[in-house]
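Hi,

Here is the structure I promised to pass on.

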Amino acid sequence: MYDLVIRNGRVVDGSGMPAYNADIALSGNRIAKIGRISEKGRKEIDAEGKVVSPGFIDPHTHFDAQLLWDGYAKPALSHGVTTIVPGNCSLSLAPLRAEYRTKLVGMFNQIEEMPLKAFKEGVVWDWETFSEYITRIRKGLAINVAPLVGHSVIRLWVMGDAAMERTATAEEITAMQGVLRECLDAGAIGLSTSYVDMDEKLQPVPSRYADAGEVEALASVLGEYGRILQIVPEFYDADLTIARLDQLAEISLKYAIPTTFSPLFVNADNVDAIDRVMRRVDEQFARGARVWPQVQTRPIDISFCFAVPSLLFIRLPGWYRIMRFGTPDQIVAAFKDPATREKLVAESAVYNALWPNLRLRLVQTQTNQKYVGMTVGEIAAARGTTPIDVMIDLSIEEHLDAHFLAADMGHNSDERVGALLKHPRVHIGASDGGAHILSFSTYGDTGFLFAHYVRELNAMSIESAVKKITSETAAIWGIPDRGLLQQGYIADIVIFDPQTINRGEEKYVQDVPGDGSRYVRDAMGVDTVIVSGGVAWTAVAGYNAETRGEVLPGQTQDARQMVPA
Amino acid sequence: MPAGELSQVRKSILPQHGDTWQSIAARMLAGVAEAEAVSKLQSWNLHVFMRASGAAGSVRGNNPILPSDVIFIEPPLAKS
């Protein structure tokens, strides 16, 4: 008798081959048989009318902290994501000496917009080494985790404060190589680094003080293991992005490793840039290099309130500074001060075409409820003032708890994004799951792929879409035995309705430690999610208390001691 | 495809240890007067030139060039 049999499903097996009708039997955590299955299962699922596919793999997330209080990475798992890759952009939560916890939390807060209070109230800091962190998150893990180790934290571990000031000495680079080896032995799937990010003091993150030789030395270690290098390039400029991908290509060729850079966006003002970047990607692949650009499926929407720094204001230094460094009382005081307000209004004028189109999405007072859902321009007309003054006034009245939405800010050309997503050398990813939790909901990018680009636009087949986010991702990242529905493979499986799968409406929920809130989206059309042979989530019963998530590739026993710095 | 057959892209370098505008100008734009060469480099690399200098007391001082930077040594190519 099998442990679980999924009957009558339409199997989209992740290979890109045409879908077919079959039953799937599971024994333990693996797929035992695919075909017509007469034997019974201890549990049976009728998938009539549904697609049965491999679990989706999300290669660009920042669930590092959330995994400490939520081993399901909610709601990602409910969207069919069975494997996540945290630790991107040079930031992971290990290895980390106790004295640098505050520093790293500050960086996560600045770069990934994770609330400080969530770390304070949701995290028990009982690890320092990567291995200890892995041991920690394994408890109650319901989703598979393939963690990157961050270059910035490796530098901090070896160099201390000097990591934020200078290049490394030869001895320090050797020590970093040793630390990286230990992290890879402990289960890290690769290394991440960043060429753009700023820390909580708006200074470059430690990885940006590394010269090319240091990056190469670390890449040589990745080469020993055949593991991946992820980078954040200067994505705002095509020439810089091309220079970076050339650098990556040389590394990929020299050390025979896969590399990936993220993000790559389509915007109205850089259509030509995307073509140039992709031409270069094609050329480098033709040389035998592996330089995978990651492209997200969803358009860019940004929500914000003035209580926390927002990406939308990063090019307005006066605004960004008070949002970054001011307390709520100080920000309100700045808004009320006529001279400061005048300066802020003047600085904001560069975006005067944008402000009227923003929409008020949330307030606390009864008085202002009548404006919720209206554009800032409409509210300005109703109040007889300007859009920027509306935003400031409402924020004062709501003590900064007025939330605005800037919708469709880019990456919204169906034709251009659709063409990119199906490009054979584009890697679908860059969701940023677990990060930017007050700016946008990253959950449901996979549902949006099927709903918009497969079902509505017919830009790609369902087989191609499934392949892109399952077997291709597993192959790029070197994740064995996952990403395909084949006999002997690990049973990470999603059952969904191809006619209704989608992302739900973005909603504001309070489920972050420290009474924090975030934007999320519920899954639509997903029926059942299976991780390592166990039912992890169903639309009917929700999350299952029995957890089977694994750390991938996770090949060694927990090591207790890192290489001494 | 050999590296030599890659299409032409804007030329750039990665800094050497301790590089400044002046040292890069001397190395990459030899033959151009220093002030002019530095000025050209700065105009081709606004992503570095416009960056705030290091924090007070930092080793980097007022040199905005980071060891990881891409530094262009020619202007943007004309659109083909």
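First, the housekeeping. This is a predicted model, where local features need pLDDT of at least 70 and side-chain atom pairs count only at pLDDT 80 or more, while totals for chains, interfaces and linings use all residues. Residues are numbered from 1 along each chain as its sequence is written, and chains are lettered from A and ligands numbered from 1 in the order in which they are written.

Chain A has 18 helices and 23 strands (DSSP runs, H or I of at least four residues for helices and E of at least two for strands, numbered from the N terminus). Its radius of gyration (over C-alpha atoms) is 24 Å, close to the 24 Å from the globule rule (2.2 Å times the number of residues to the power 0.38) for 565 residues, so chain A is as compact as a globular protein of that length.

Now find helix 5 of chain A, residues 151-159: 9 of its 9 residues are buried, so the helix is largely enclosed by the rest of the structure. Buried means 20 or more other C-beta atoms within 10 Å of a residue's own, with C-beta atoms placed from the backbone. Trp157(A) and Arg155(A) are among them. The cover includes helix 2 and strand 10 of chain A. Just after helix 5, Gly160(A) has a positive phi of about 60°.

Finally, 23 residues from chain A and 21 from chain B make the contact (C-beta atoms within 7 Å, placed from the backbone). On the chain A side, helix 8 gives the largest share, 5 residues.

Cheers

How values were computed. A residue is buried if 20 or more other C-beta atoms lie within 10 Å of its own, exposed if 12 or fewer, and partly exposed in between; C-beta atoms are placed from the backbone. Two residues are in contact if their C-beta atoms, placed from the backbone, lie within 7 Å.
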